[in-house]
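Here are some notes for a colleague who would like to read this structure with the salt bridges and the surface in view.

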Amino acid sequence: MKKTTAAITAVGGYVPEFILSNKILETMVDTNDEWITTRTGIKERRILKEENAGTSFMAIKAAEDLIQKSGVDPSEIDFVLVATATPDLPVAATAAYVASEIGAVNAFAYDLQAACSSFLYGMSTAASYIESGKYKKVLLIGADKMSSILDYTDRTTCIIFGDGAGAVLFEPNQEGLGVQDEYLRSDGIGRQFLKIDAGGSILPASEETVKNKQHYVYQDGKSVFKFAVSNMADVSALIMERNNLTHEDVQWLVPHQANRRIIDATANRMGVEPAKVMVNIDRYGNTTSATLPLLLFDYEKQLKKGDNLIFAAFGGGFTWGSIYLKWAYNS
Ligand code: UT7
């Protein structure tokens, strides 16, 4: 009997309408377009402005886009996994609400949080359920409303992130397509460098924590940069080596979009030429859990059945890793 692999069979995406350009940011904090562009590669990012709308608003839109394009019957979806660092509520899984809203009435659902690696780790979870034979249709959504946890007076963080959502469907494949290999890592040393101090179980919300701005993202950018550059490149090179892939065998690098310089360093290390590197950081900034599926959303039409894709991500925790996947369809 042939081995069952887990293939991506559909993609959807959503970004909010409002564009926060570098020019607008210049009027909000002491920064400039030239610094942001050369240090990060970002020109603009999307911000969700709808009132009372959280991460689920975008996750639902991305899932609906996927359902509409693929024609999948939502009642046949077995499992809805929402990868996010910004759930609607601290308690009550965002995924459960999303599943109900999109008509996935027979699914179970939960959230997965691994900062900027959430979607990559989610791919591993989704693929494992499919490979085990337990479930046939797994909807994985990466969504984050980063604007809800940013201090728009802090120029070191507010220029980096944006809001968005992307969705993929995983299904069993008998042709050997889909996820081939993964290498996932973590190191708790990272939490001093990239974190939100308050609102968790160590330091619950209080007047004091609000006054001290401890509910916003804190990042020691330089330290995170050093870890990200070496680790993302290392795991990507390792997964190529382990699968006897040369740069010629790789059609696409799908890297987390944190900083253009990190993306370029990873591609260089792998020997992958720029034309094969998916990039949308210039238009969306760092959308955390949404970066990888939004890349697939943007590049879907260029992907061909059998293409070798290397995914790579690095995020808070620290968490990081790489996944090798064979694309399963022509658009
Ligand atoms: O996705 C999760 C993982 N996150 C990452 O991978 C992010 C990794 N880190 C980075 O991408 C970069 O470290 C940043 C983009 C966050 C910062 O770039 P950098 O080249 O590391 O800058 P820096 O923090 O070393 O700051 C250099 C200078 C400083 O001024 P002085 O001390 O040299 O006078 C900053 O105060 O740039 C200044 N600066 C800014 N200037 C204008 C910092 N932010 C800004 C800004 N506009 N927005």
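1. Leaving aside its neighbours within four places in sequence, which residues is Gly 199 in contact with? In this predicted model, the contacts of Gly 199 beyond those neighbours are Pro 204, Ala 205 and His 215. Gly 199 sits in the loop between β9 (194-195) and α6 (207-211), and with a relative accessible area of 48% this glycine is partly exposed. From C-alpha to C-alpha, Gly 199 is 8.2 Å from Thr 209, the two being ten residues apart in sequence.

2. Lys 69 and Asp 65 form a salt bridge through their side chains, at 3.4 Å from N to O; they are four residues apart in helix α3 (residues 55-70), and therefore separated by about one helical turn. Lys 69 is partly exposed at 42% relative accessible area, whereas Asp 65, at 18%, counts as buried. Both belong to a network of salt bridges that also includes Glu 300.

3. Arg 242 and Asp 181 make another salt bridge, in which the closest N and O atoms are 2.9 Å apart. Because Arg 242 lies in helix α7 and Asp 181 in strand β8 (residues 178-186), this pair ties together parts that are 61 residues apart in sequence. Asp 181 is buried, with 16% relative accessible area, while Arg 242 is partly exposed at 43%.

4. Helix α7 (residues 221-242) also holds Lys 226, which is exposed with a relative accessible area of 59%. Together with Arg 39, Lys 222 and Arg 261, Lys 226 forms a positive surface patch.

5. Helix α10 (residues 291-299), by contrast, is mostly covered, with seven of its nine residues buried, among them Thr 291, Pro 293 and Tyr 299.

Key. Residues numbered from 1 in each chain as written. Predicted model: local features only at pLDDT ≥ 70, side-chain atom pairs only at ≥ 80, totals over all residues. Heavy atoms only, no water. Patch = residues over 30% accessible without salt bridge, like charges linked within 9 Å, V, L, I, M, F, W, Y side chains within 5 Å. Areas by Shrake-Rupley, 256 points an atom, 1.4 Å probe, with all protein chains shown as cover. Salt bridge = Lys/Arg side-chain N within 4 Å of Asp/Glu carboxyl O. Lys, Arg positive; Asp, Glu negative; His and termini not counted. Charge placed at Lys NZ, Arg CZ, Asp CG, Glu CD. Helix = DSSP H or I, 4+ residues; strand = E, 2+ residues; numbered from the N terminus. Buried < 20%, exposed > 50% of the residue type's maximum accessible area, 1.4 Å probe, protein only. Contact = heavy atoms within 4.5 Å.
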